[in-house]
Amino acid sequence: MRILVTTFTYPPNKDGVAEASRVMAEGLAEHGWEVSVATGYPTDGSEASAFQPGAAGGVKVERFDLGHHNSEDPEMVQEVRRFLDFVLDGAFDVIVNQCWDVWPTTLMQPILSKLTSAKVLVSHGYSQHVYQWAATPAMGLGVWLRGLQWTFARLPKMAREYDRLIFLSEKQGWGRFFDHTVAIWLKHPGIEVVPNGTDPDLTLPDDGGFRTRHGIGPGPMALCVANYCLRKNQQLAVRVFREARVPGSTLVFIGSELNDYAREARELDEQLRGPAHCCQVVFLEKLTRAETFAAFKATDLVILTAKTETQPIVLIEAMAAGKPWISTDTGCVDRMEGGIVCRNAASMRAALINLLTDPELRTSLSVEGRKAARSRYSSSNCVMKYDSIFRSLVEH
């Protein structure tokens with residue numbers, strides 16, 4: 001059986017959708033599917049050859065230069081045609097679109113009715129209908145109005161085109177799970193829930209050298225793993241950590257690249273730490289996956305300060321590593337185990353102080369998170385659900 005997974009991002013990119021797509025593709029290959037992935041080029045500037053087809057469980061990866069396509073550019077028109085021909089000529093039994101409003105899903109809309117393949121959309125959250133504040137209010141208003149138009153004119157029609165709609169959580173509402181709410185309103189017959197997953201037996205390096213390699217002392221450590229950007233809001237983590245002032249503590253950031261936002265966060269830290277600072281903040285970039293796992297092993301807790309998320313994989317990885325977490329109230333984190341959800345900066349500061357200074361509380365939350373990681377968020381269990389859903393479509 002042949003399956004195509006379309007996604008705007010895929011390893012070596014390091015983000016939640018890329019990781020979720022990898023878990024699905026490689027997992028289904030292990031279940032006997034012939035898996036192809038249609039995606040874009042790596043955003044770190046590396047060549048497509050940086051990902052070796054076949055090295056990841058026999059997954060074939062086809063890349064298209066369409067991340068910022070211009071419909072009036074002849075080369076882009078040709079690339080769009082190549083993408084659509086790849087989809088049409090692939091004789092796939094199942095086609096899975098990852099996310100709603102991304103180029104692979106959008107470009108496929110005109111040809112969906114021509115496809116005999118079973119069609120599935122996996123939602124990683126929906127936000128077109130949510131107003132996003134902008135430096136220029138008129139610009140923010142314009143984007144929001146276009147998003148509302150897209151939501152009410154196209155979302156219901158698109159939803160009906162798919163045989164299955166898969167959501168990460170049972171949660172509904174006006175926020176990032178609004179698409180789930182719309183699917184319920186439409187009485188869509190193919191609603192499924194499959195969460196993000198990770199390997200609960202993830203092998204974490206145990207050499208104890210992460211702290212030594214990065215100049216981190218023996219005191220309590222908090223870890224924030226996210227690409228440096230305004231949406232991930234690392235500056236909030238800096239403020240909360242500096243206001244907590246737990247003696248001997250360290251806050252470690254790991255991001256893909258120390259960009260302008262990261263430099264602003266570092267400048268903020270320099271302003272807030274004062275002349276007699278009793279704790280440290282470390283900004284790291286471009287770490288290998290193994291070194292990031294070493295950071296999970298070394299830390300006492302994981303902190304997430306993102307403004308918008310759906311179901312953060314970094315928290316699931318924290319749970320698998322047996323580490324408690326602190327997070328802003330975003331996405332469906334209020335339904336996740338092993339951590340503390342914070343409604344504002346004051347509650348986050350209090351939670352940070354409590355966890356950094358209370359080993360018993362950390363242990364209690366760690367046990368809760370590990371249990372959930374081994375059951376609900378186990379990647380093998382999630383792939384088994386995908387396999388069952390997709391086989392039912394093919395064998396129907």
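Asp387 counts as buried because its relative accessibility is 10%, where buried means under 20% relative accessible area, exposed over 50% and partly exposed in between (1.4 Å probe, protein chains only). Welcome to this predicted model, in which local features need pLDDT of at least 70, side-chain atom pairs count only at pLDDT 80 or more, and totals for chains, interfaces and linings use all residues. Residues are numbered from 1 along each chain as its sequence is written, and side-chain values use heavy atoms, with hydrogens and water left out.

**Asp387 and its surroundings**
- Asp387 sits in helix H13 (residues 379-394); helices (H or I, at least four residues) and strands (E, at least two) are DSSP runs, numbered from the N terminus.
- Apart from neighbours within four places in sequence, Asp387 touches Leu28, His31 and Trp33, a contact being heavy atoms within 4.5 Å.

**Where H1 meets H13**
- Helix H1 (residues 16-30) packs against H13 at an angle of about 70 degrees, and their axes are 9 Å apart. Axes here are lines fitted to C-alpha atoms, for helices over the stretch in contact, with angles from 0 to 180 degrees between N-to-C directions.
- H1 and H13 are therefore roughly perpendicular to each other, the word used for 65 to 115 degrees, while under 35 is roughly parallel, over 145 roughly antiparallel and the rest oblique.
- On the H1 side the contact is made by Val23, Met24, Gly27 and Leu28, and on the H13 side by Ser379, Val383, Tyr386, Asp387 and Phe390.

**Aromatic pairs**
- Searching the whole structure gives 11 aromatic pairs; rings of Phe, Tyr and Trp (its six-membered ring) pair if their centres lie within 6.5 Å, with planes under 30 degrees apart called stacked, over 60 edge-to-face and the rest tilted.
- Phe253 and Phe283 are stacked, because their ring centres are 4.9 Å apart and their planes are at 20 degrees.
- This pair joins distant parts of the chain, with Phe253 in strand E9 (residues 250-255) and Phe283 in strand E10 (residues 280-285), 30 residues apart.
- Phe253 is buried at 0% relative accessibility, and Phe283 is buried at 9%.
- Tyr386 and Phe390 also make a stacked pair, 5.7 Å centre to centre with 25 degrees between the planes.
- Tyr386 and Phe390 lie about one helical turn apart, because they are four residues apart in H13, and both are buried.
- Phe64, Phe83, Phe86, Phe92 and Trp103 form one aromatic cluster.

**Helix H5**
- Helix H5 (residues 178-185) is largely enclosed by the rest of the structure, because six of its eight residues are buried.
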